[in-house]
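Dear colleague,

Please find below the sequence and structure that I am handing over to you. A summary of what was found follows directly after.

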Amino acid sequence: QVQLVESGGGLVQAGGSLRLSCAASGGFLAILLMGWYRQAPGKERELVSLITASGRTSYGDFVKGRFTISRDTAKNTAFLQMNSLDAADTAVYYCYAKTDHYVGYDENWGPGTLVTVSS
């Protein structure tokens, strides 16, 4: 069973920065895709950023160059550096990982970490 452990959320003032981490553990052959989604109160969950095993990245349109995703493949860990945060970034951020197993693929979610940006 795959486990995703998130860290780095918290309270920050508008214009500030936070760095999220997500570490994966459990029985899998490889992590194919890893990253974050977020969900604000009353809104649907949306893509923040993803990174592939080869290092290709994608971002939600709202990011506008403010966030950077990276990955330590040896440690099965992904990082999200978030800069120039504003109140609209307040949400629960969920780590996501698509893992490769002997019998196919699996999609996994972390419990979420709250990011609160005060204006």
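In this predicted model, Cys22 and Cys95 are joined by a disulfide, with an S to S distance of 1.9 Å. A disulfide is counted where two cysteine sulfur atoms lie within 2.5 Å, and by this rule there is one disulfide. The link of Cys22 and Cys95 is left-handed, with -90° about the S-S bond. Cys22 belongs to strand 3 (residues 18–25) and Cys95 to strand 9 (residues 91–101), so that distant parts of the chain, 73 residues apart, are linked. Strands are DSSP runs of E with at least two residues, and helices are runs of H or I with at least four, both numbered from the N terminus. Cys22 is buried at 0% relative accessibility, and Cys95 is likewise buried, at 0%. Here buried means under 20% relative accessible area, exposed means over 50%, and partly exposed lies in between (1.4 Å probe, protein chains only).

Residues are numbered from 1 along each chain as its sequence is written, and side-chain values use heavy atoms, leaving out hydrogens and water. Local features need pLDDT of at least 70 and side-chain atom pairs count only at pLDDT 80 or more, while totals for chains, interfaces and linings use all residues.

I turn next to the salt bridges, each defined as a side-chain nitrogen of Lys or Arg within 4 Å of a carboxyl oxygen of Asp or Glu. The whole structure contains three salt bridges, and Arg38, Glu46, Arg66 and Asp89 are linked in a network of them. Arg38 pairs with Glu46, their closest N and O atoms being 2.8 Å apart. Arg38 is buried at 6% relative accessibility, whereas Glu46 is partly exposed at 34%. Asp89 also forms a salt bridge with Arg38, at 2.9 Å between the closest N and O atoms. Because Asp89 lies in the loop between strand 8 and strand 9 and Arg38 in strand 4, this pair ties together parts that are 51 residues apart in sequence. Asp89 is buried, at 1% relative accessibility. The side chains of Arg66 and Asp89 meet in a salt bridge as well (2.7 Å, N to O). Arg66 lies in the loop between strand 6 and strand 7, so its pairing with Asp89, in the loop between strand 8 and strand 9, ties together parts that are 23 residues apart in sequence. Arg66 is buried too, with a relative accessible area of 15%.

The interior also deserves attention. A nonpolar core is a set of buried Ala, Val, Leu, Ile, Met, Phe, Trp, Tyr and Cys residues joined through side-chain atoms within 4.5 Å. The largest nonpolar core has 27 residues, of which Met34, Trp36, Leu80, Met82 and Tyr93 touch the most other members. Strands that each supply at least two residues of this core include strand 4 (30–39), strand 5 (46–52) and strand 11 (113–118). Leaving aside residues up to four places away in sequence, the contacts of Leu80 (heavy atoms within 4.5 Å) include Leu20, Trp36, Val48, Phe67 and Ile69.

Lys75 sits in the loop between strand 7 (67–72) and strand 8 (77–82) and is exposed, at 59% relative accessibility. Val103 is found in the loop between strand 9 and strand 10 (104–109), and is exposed with a relative accessible area of 83%.

Yours sincerely
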